[in-house]
Amino acid sequence: MSEKKKKINNDYYAERKEKTDDKTEGLITELPYFCSEFFYGTANNTSALTRLNYAYDLRIFFDYVSKIKKIKIEDMQISILDEITAYDLERFLNYLSHYKINGKEESCSERGKARKLSTIRAMYRYFFNKDLIKYNVASKVATPKIHEKEIIRLEGDEVKRLLEYAESDNAFEGRKNAYHNKLKVRDYAILSLFLGTGIRISELVGLNVDDFDFEQNSFVVTRKGGNRTILYFNDEVKEALFNWLDYRYDLKNIDPNDNALFVSMKNQRIAPRTVEVLVKNYALQVTPLKKITPHKLRSTFGTNLYRQTGDIYAVSDFLGHKDVNTTRKHYAAISQDSRKKSASIINLKEDTDN
């Protein structure tokens, strides 16, 4: 294995940024020429993933502009932004409910519409502040109302049953169970780490073996934006990780220079999609009516931590939320529990006149 390959395997975030930047560069070529200035001008204040999302959103927006203004994207000048009205942008948000791009039928949720409007606002704000356009028309358009979704999480003994299922010998049938028995030590460790620390899926797949200090029951995690934070885990998580590391070190085909904590069947750093699938497969056996994802396991941890501490700020800090209001969604889940409990007190057939 080359030195370059060794470095890439052990620097997940650098590799991810490089791939993301490459995708963004490709998308920029599909946008009006003046958009490149927006991307390079905001590069020092945004993450690679944010810029990629900008590129996807603007591709849809300028495809729409091309249709309503009857002009090819490659022929657009920056003056087109001053020709677009607030009404045009409002029509665009409605258009997103059902649209076609690159021959594919697509649709946007409330959150998707809000994100695309935020992208357009960022672009207008940038060019307006640079005095390259006369009007910041995007600032006049109201953000679509977003209805809060119910927090889905594991309840009661579902966490225990999920973990017990993951370590059982007969979780699935046939060939699927054969794969399960090869990987159940790894899968149990992954589920334990999600449920015991509330980390994000991107944070989990980016972990390296040397990120852990088992004497202190701690590890270093790379948060959104690249900040490195020390988090802690309990002895149950420690035991699950030890069992996996013992198994990992016995793998014959894994490169000794690859420091990834969790690896796939091919003995390479595990991919986010693989983690999503394994969480889904185990959860379906325990809670078939709930769509449990790695993020739902994170919500489960946040809710349980709040139940035990009653400290919304501690939960916010542990989850790595920049805004405590994001964390209050977990508090809302506790409030829902209270409403359920209150409803159960009412007995419709009981005589209440006495």
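**Before you click.** This is a predicted model, where local features need pLDDT of at least 70, side-chain atom pairs count only at pLDDT 80 or more, and totals for chains, interfaces and linings use all residues. Residues are numbered from 1 along each chain as its sequence is written, and side-chain values use heavy atoms, with hydrogens and water left out.

**Stop 1: colour by pLDDT.** That's the predictor's confidence in each residue, from 0 to 100. The protein's mean is 88, with 90% of residues at 70 or more. Helix names follow DSSP runs (H or I, at least four residues; strands are E, at least two), numbered from the N terminus.

**Stop 2: select 48-69 and 110-129.** These are H4 and H7, whose axes come within 9 Å and cross at roughly 90° (axes are lines fitted to C-alpha atoms, for helices over the stretch in contact, with angles from 0 to 180 degrees between N-to-C directions). The two helices are therefore roughly perpendicular (under 35 degrees is roughly parallel, over 145 roughly antiparallel, 65 to 115 roughly perpendicular, the rest oblique). Show side chains: the contact includes Tyr54, Phe61 and Phe62 of H4 and Arg115, Ile120 and Met123 of H7. By class it has eight nonpolar, two polar and three charged residues (Ala, Val, Leu, Ile, Met, Phe, Trp, Tyr, Cys and Pro count as nonpolar, Asp, Glu, Lys and Arg as charged, the others, Gly among them, as polar).

**Stop 3: select 158-166 and 174-197.** Here are H8 and H9. Their axes come within 8 Å and cross at roughly 155°, which makes H8 roughly antiparallel to H9. Among the residues that meet are Leu162 and Leu163 in H8 and Tyr188 and Ser192 in H9.

**Stop 4: the second largest pocket.** Its space is about 640 Å³. The lining divides into 12 nonpolar, seven polar and four charged residues.

*Pocket terms:* on a 1 Å grid over the protein atoms alone, a pocket is an open set of points where a 1.4 Å probe fits, with protein on both sides within 12 Å along at least five of seven lines; lining residues have an atom within 4 Å of a point. Points are joined across faces, edges and corners, and volume is the space filled by probe spheres set on them.

Key: Contact means heavy atoms within 4.5 Å.
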